[in-house]
Amino acid sequence: MPNSPASVFPQPLLVNGRRVVLGDGIKIAKSGKKMPGVKLLHQQSDSNTKPEFIMGHSIQAVSLLVQAAQTAFAVPLAARIHEGLVWSNRNRRTLLDKMIALLAIVGLTDPFYFVADAYYAARKIIRGLLAQNNHLVSRVKANAVAYLQYSQPGKRKRGRPRSYGTKLRLKSLFDDPESMQSAASPVYGEHNVTIQYRACDLLWRPVGRLVRFVAVIHPSRGSCLLMCTDLCLSPIDIVRLYGLRFKIEFSFKQAVRLIGSFAYHFWMQDMKPLRRGNGNQHLHRESLKYRDAIKRKIHAYHVFIQAGIVCQGLLQYLSVAFPALVWNSFGSWLRTIRPGIPPSELVVANALRQTLPEFLLNSDQPDSLEKFIVDRQDTHNMEMFRLAS
């Protein structure tokens, strides 16, 4: 893609010559009774501020990690509503299938590492990635198991050779402290922290191939089991990549609170009203006209979300490419401005807001954007706002 964020941002984050793509899901509360795709959703979170069940949209998103001085940005690429609508009773696609399809929509031609949480450590994701020469970095559950490679004692017997050897519970990797190595923590933002880790290449039955597992003990965050399908990636890099997964969570926070990427409220007048606790809407039972109307409304949601993604990506690009200019145009106050750290999306948005009047009034050369804004501005209301302030 010639105009993708991978080619626009000056310093994409590369590990072993591969880009780093983050994937995750977010649940957005929607109480509209005539909004397609709204269903009862269960939220799995350690935070007691979130209700266990909400009515809303379940959205999956992918982001690209780019280098930004001493930090990194998760630049959003695409997000789609992946639950709530059943178009055919023969459709057996899961959220994992839809995530692979979303990665195909993004269209990254360069090989990449896909970093996601334990939900995506599954056969469908791994096989879909390996088919395109990509790899998965993820976490596995504590009750996961793997197998040692089988070694044939003596002469080989007739029949298919055996592949799987002794079964091994992955949490048993923590049982031998002497086999663990110590290293400085590669996790983003940590200094003077030492972790212990142990790496093993084991056969994982869901994909039928060797997978690198890394057992990590952090002095304050506890233990964690990580996995990677690339046997050439070092254990320290696996820990570092998974430590950057939180960047997509921070990107969600900015999209919700600053950009408003999920603040759409488009209702469908002719839709059958939903009830509290409704599940999937089975549209294969409805007429063609009704199905087409639902598709148009879902498309409107996706266009709104993608517009917010474009806005957030532009703010991040200005922060990475022109940090000094953004700080000089900020025109406000922050308690701490850390040198060498690019400004946040909030700072960039405020800088654009401060420089907009000067751009419209003092531009030496006519600009197409300036002409577009000036021809459509409501000068009467702007004067009233000026007098009121």
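Contact, as used throughout this tour, means heavy atoms within 4.5 Å. The model is predicted: local features need pLDDT of at least 70, side-chain atom pairs count only at pLDDT 80 or more, and totals for chains, interfaces and linings use all residues. Residues are numbered from 1 along each chain as its sequence is written, and side-chain values use heavy atoms, with hydrogens and water left out.

**Whole chain.** Begin by selecting the protein chain, whose C-alpha trace spans about 90 × 60 × 45 Å along its principal axes. Colouring by secondary structure shows 10 helices and 15 strands; helices (H or I, at least four residues) and strands (E, at least two) are DSSP runs, numbered from the N terminus. Of the 389 residues, 43% are buried, that is, under 20% relative accessible area with a 1.4 Å probe, protein chains only. The accessible surface comes to about 22600 Å², and carbon and sulfur atoms account for 52% of that surface; the areas come from the Shrake-Rupley method with a 1.4 Å probe. Among contacts between residues at least 6 apart in sequence, 63% join residues at least 24 apart.

**Strand β4.** Next, select Val62, which lies in strand β4 (residues 53-68). Val62 has a relative accessible area of 1% and is therefore buried.

**Ser261.** Move to Ser261, in the loop between α5 (246-259) and β15 (281-282). With a relative accessible area of 3%, Ser261 is likewise buried. Beyond residues up to four places away in sequence, Ser261 touches Ala255, Phe304, Ile305, Gly308 and Ile309.

**Helices α5 and α6.** Finally, select α5 together with helix α6 (residues 288-321). Two packed helices are described by the angle between their axes and the distance between the axes. Here the axes come within 11 Å and cross at roughly 105°; the axes are lines fitted to C-alpha atoms over the stretch in contact, and angles run from 0 to 180 degrees between N-to-C directions. The helices α5 and α6 are therefore roughly perpendicular to each other, a label for angles of 65 to 115 degrees. Show side chains at this crossing: Ser251, Gln254, Ala255 and Ile259 in α5 meet Gly308, Cys311, Gln312 and Leu315 in α6. Ala255 and Gly308 are also among the residues that Ser261 touches.

Technical notes: Buried means under 20% relative accessible area, exposed over 50%, partly exposed in between (1.4 Å probe, protein chains only). Angles under 35 degrees count as roughly parallel, over 145 as roughly antiparallel, 65 to 115 as roughly perpendicular and the rest as oblique.
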